[in-house]
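Colleague: Could you walk me through the packing in this one? I would like to start with the core and then look at a helix pair.

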Amino acid sequence: NNNEEGQLLLAAVILTGAGKSFCAGADLSAPPNPLHQSSDLPHHLQWNPVHQMSRVGIPIIGVVRGHVITGGFELALACDILIGSHTTTFRDTHVKFGLAPCWGLSQKLTQRIGPGRAKIVSFSARPLRAERAYEWGLLDELIDETNNSSDGDDDVVLKRAIELSANIASNDPLMVRRYKRAMVEGTSMTLQNGLQRERELGT
């Protein structure tokens, strides 16, 4: 539900992997149908995670550690904010396996780090380590995990995401959602139209 009033009880979504990695991409032994993945038909879009993420009106914080590969890379780019650790490694292997990106990687990565750097990442299919990803603006925060505790509750990257979520929750919830809309919609507009959209959402 993308209704603003219906989401006022939520401050943010934190998306992370269940194990040591965020997401290593699709199972290539049984790859998804690319026609379905890139389809705009409603019965295909309902199973498209990136499309569904685009409908979320609150900030999505991606906690990305370990491998963030191809389809997982596209999921990460669908987040509003990316927080990682020194274990984080991005890799786009579409060209390596003769696959076309279906969830926006060719456009979103260019917007995020610039066309030249995006071409290096995608055309080479080589890993992009955390430090360089942070330097290029792909990672928004790079957390030092060397001071982790050893009591089992040692996820300082996730703790930072929870802390950021609490910061977001302390602000006006309706304006956070409207601010996100202005920022997201503005990426596909001219500056003049984006400023007009900002004024519309502020009223």
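Predicted model: local features only at pLDDT ≥ 70, side-chain atom pairs only at ≥ 80, totals over all residues.

Colleague: Okay, which residues touch the most other members of the largest nonpolar core?

Modeller: That core has 26 residues, and those touching the most other members are Val 64, Phe 73, Leu 82, Phe 90, Leu 109 and Leu 138. The elements that contribute two or more residues to this core are α3 (49-54), β2 (60-64), α4 (71-77), α5 (105-113), α6 (115-124) and α7 (130-135).

Colleague: And which of them gives the most?

Modeller: That is α4, which supplies 4 residues to this core.

Colleague: What is Phe 90 in contact with, leaving aside its neighbours within four places in sequence?

Modeller: With those set aside, the contacts of Phe 90 include Val 64, Val 68, Phe 73, Ala 76 and Leu 82, as well as Arg 126, Pro 127, Leu 128, Ala 133, Leu 138 and Leu 139.

Colleague: Switching to helices, at what angle do α9 and α10 pack?

Modeller: Helix α9 (residues 173-186) and helix α10 (residues 191-201) pack at about 165°, with their axes 9 Å apart. Angles over 145 degrees count as roughly antiparallel, and α9 and α10 are therefore roughly antiparallel to each other. Their crossing is right-handed.

Colleague: Which residues make that contact?

Modeller: From α9 they are Arg 178, Arg 181, Ala 182 and Glu 185, and from α10 they are Arg 197, Glu 198 and Leu 201. By class, the contact of α9 with α10 has 5 charged residues, 2 nonpolar and no polar ones.

Key:
Residues numbered from 1 in each chain as written. Heavy atoms only, no water. Core = buried A, V, L, I, M, F, W, Y, C linked by side-chain atoms within 4.5 Å. Buried < 20%, exposed > 50% of the residue type's maximum accessible area, 1.4 Å probe, protein only. Contact = heavy atoms within 4.5 Å. Axes fitted to C-alpha atoms, helices over the stretch in contact; angles between N-to-C directions. Parallel < 35°, antiparallel > 145°, perpendicular 65-115°, else oblique. Left-handed = near helix turned anticlockwise from the far one by under 90°. Nonpolar A, V, L, I, M, F, W, Y, C, P; charged D, E, K, R; others polar.
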